[in-house]
Amino acid sequence: MSNWEILWDERAQFWSGFLSTLEIFGLSIVGAFVIGCGLLYLLEESRKRLTIPLRIFIDAMRMLPFLILAYLLYYGLPSVGIRLDAWWSGVGALAVYHGAYFAEIFRGNRLTFPPGQIEAAKAHGFTKGKMFFRLLLPQIIMQTRQLLGNQLIYALKDTAFLVIITVSELTAAANSLSSTYFIPTEAFIVVIGFYWAISVTMEIIIKQCGRFSAKRGFDNV
Amino acid sequence: MSEANTSEMAAVSIRHLSKSFDDVEVLRDVELEVKTGEVVTIIGSSGSGKSTLLRCINWLEKPDRGSIHIAGQRIGVHEDGRPMPVRELAKVRAKTGMVFQGFNLWPHLNVLHNVTEAPIHVQGASKREAEERAMALLEKVGMVDKRDSYPNTLSGGQKQRVAIARALAMQPEVMLFDEPTSALDPELVGEVLAVIKDLSAEGYTMVMVTHEMAFARAVSDQVVFLEKGLIIERADPETFFTTPKTDRVRKFLENHDTPSPA
């Protein structure tokens with residue numbers, strides 16, 4: 001039996017790892033996106049009492065290796081009485097970590113937002129919340145599309161770290177097969193294929209979204 | 001008539017308005033009354049404070065002293081001096097419509113949605129009602145056939161006409177125009193002025209900062225000349241353009257191709 005045939009027979013393990021990775025990735029990027037938008041909204045507040053700690057939080061996250069954050073949530077939180085299982089620790093760590101990155105991407109774009117549009121919104125009676133959700137956020141998202149796409153790929157790759165805190169995802173499946181049958185090369189080539197497939201699909205979707213923003217002059221696709 | 005009464009009747013009533021940026025006084029004790037249906041043009045050289053005056057009317061600039069009433073309602077602060085909460089300020093602001101030099105359309109929305117955005121999401125109009133209103137206004141400014149286009153595909157003149165429709169859609173008590181044609185190619189100025197002229201004929205109340213002297217003369221009921229934050233001359237357009245009282249205005253008009261009588 002060739003090594004590839006062994007892996008084919010064990011395809012169920014890859015498949016469940018793949019589904020688990022997809023699930024973790026999907027949940028955590030939705031969480032990260034919401035966190036990023038929320039941080040941006042809070043940063044709109046001009047009060048320094050709020051913006052300074054937020055900026056410190058965002059920078060602290062960005063300067064932290066992801067694995068350390070995953071360790072902290074999984075091994076560290078129980079010592080303060082919060083116990084999350086490996087799966088939720090992983091999802092939580094990814095969401096918070098990449099949420100900070102999303103916030104930073106949004107914030108950078110917000111700095112270049114034309115003030116005239118804000119004035120027009122105020123002149124038309126908009127208050128902060130509606131202005132943010134109706135006018136600011138949609139444009140900022142359209143304008144940062146490519147950076148967000150890039151960040152999503154980082155987030156996908158970071159899911160592989162979760163094998164270290166015992167989450168059984170795609171990399172964990174490859175790990176276990178490679179050590180059971182001593183066929184690391186083939187097992188890891190298979191997971192590379194899976195990660196590439198997700199990334200390529202994501203790239204295509206992000207690119208398609210570009211047509212939407214190109215029509216509005218935000219982009220040239 | 002008492003002073004309180006005239007304020008109630010006026011579309012805009014500005015009293016003792018002063019404003020400084022750092023230690024530069026931009027507006028000094030400005031008094032201005034705009035009656036309903038009246039067109040008032042504010043003229044002056046750059047740095048005279050005319051845009052600041054206009055922007056104080058809807059509180060985009062916060063004056064240091066004085067009061068502004070829009071259709072009898074005080075904007076920015078309550079009569080007893082308490083600052084107005086944001087929501088309340090937004091409501092009074094919505095009584096004014098503003099057209100900017102740089103158009104400031106919202107680029108992610110098409111023409112129709114630029115015009116319906118504030119009526120639906122600020123005033124709470126139904127989608128159908130807002131769209132009907134928007135279509136009538138786009139018709140008025142000659143932009144109906146562009147209703148599905150996005151701002152990035154429009155010329156400056158077209159953008160400004162959409163911006164005018166957008167401001168009108170709020171059914172404001174007064175329209176504020178801040179140099180509406182200054183950012184336009186000379187050949188596009190005419191189409192925007194034509195729209196504004198139509199509005200004045202329809203009886204809209206308007207306050208306008210402009211450098212278009214011939215236009216100011218043709219549409220205004222009252223011309224105000226601002227110099228270093230002071231109103232140094234105010235008159236009907238005929239008097240203002242033919243027999244200015246001050247040397248300063250005479251000199252200004254000489255440098256600005258004084259329009260021949262209409």
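In this predicted model, 6 strands of chain B form an open sheet of mixed pairing, in the order E6-E7-E8-E3-E9-E10; helices (H or I, at least four residues) and strands (E, at least two) are DSSP runs numbered from the N terminus, and two strands pair if DSSP finds at least two bridges between them. The edges of this sheet are strand E6 (96-99) and strand E10 (230-235) of chain B, each of which pairs on one side only, and the twist from one strand to the next averages 20°. Axes here are lines fitted to C-alpha atoms, for helices over the stretch in contact, with angles running from 0 to 180 degrees between N-to-C directions. Helix H7 (residues 186-201) of chain B packs on the sheet, where it touches E3, strand E7 (174-178) and E8 of chain B, and its direction makes about 150° with that of E8(B); contact means heavy atoms within 4.5 Å.

Strands of a sheet pair through backbone hydrogen bonds, either parallel or antiparallel. Strand E3 (residues 39-43) of chain B runs parallel to strand E8 (residues 206-209) of chain B, to which 4 bridges join it, and B:Val40 stands opposite B:Val207 in E8(B). Strand E9 (residues 222-227) of chain B, by contrast, runs antiparallel to E10(B), with 5 bridges between them, and B:Phe225 stands opposite B:Glu233 in E10(B). The hairpin of E9(B) and E10(B) has 2 residues between the strands, and B:Lys228 takes a positive phi near 50° there.

Chain B also holds an open sheet of 4 strands, with antiparallel pairing and the order E2-E1-E4-E5. Its edge strands, each pairing on one side only, are strand E2 (24-35) and strand E5 (73-74) of chain B. Strand E1 (residues 10-21) of chain B is joined to E2(B) by 8 bridges, with B:Leu17 standing opposite B:Val30 in E2(B). Across E1, E2 and strand E4 (65-70) of chain B lies helix H2 (residues 50-57) of chain B, running at about 125° to E1(B).

Helix H5 (residues 127-140) of chain B has 14 residues and reaches 20 Å from its first C-alpha to its last, close to the 20 Å expected at 1.5 Å a residue, the expected span being 1.5 Å times one less than the number of residues. Its residues B:Ala130, B:Arg133, B:Ala134, B:Leu137 and B:Leu138 are buried, where buried means under 20% relative accessible area, exposed over 50% and partly exposed in between (1.4 Å probe, protein chains only). Seen down the axis of H5(B), these buried residues fall within an arc of 135°, so they line one face of the helix; the arc is that of the directions from the helix axis to the C-beta atoms. They pack against helix H4 (111-121) and helix H6 (156-168) of chain B, whereas the face of H5(B) turned away from the buried side carries the exposed residues B:Arg128 and B:Glu139. After H5(B) comes B:Gly142, whose phi is positive, near 70°.

Taken as a whole, the secondary structure of chain B comes to 10 helices and 10 strands. Of its 262 residues, 56% count as buried.

Residues are numbered from 1 along each chain as its sequence is written, and chains are lettered from A and ligands numbered from 1 in the order in which they are written. Because this is a predicted model, local features need pLDDT of at least 70 and side-chain atom pairs count only at pLDDT 80 or more, while totals for chains, interfaces and linings use all residues, and side-chain values use heavy atoms, with hydrogens and water left out.
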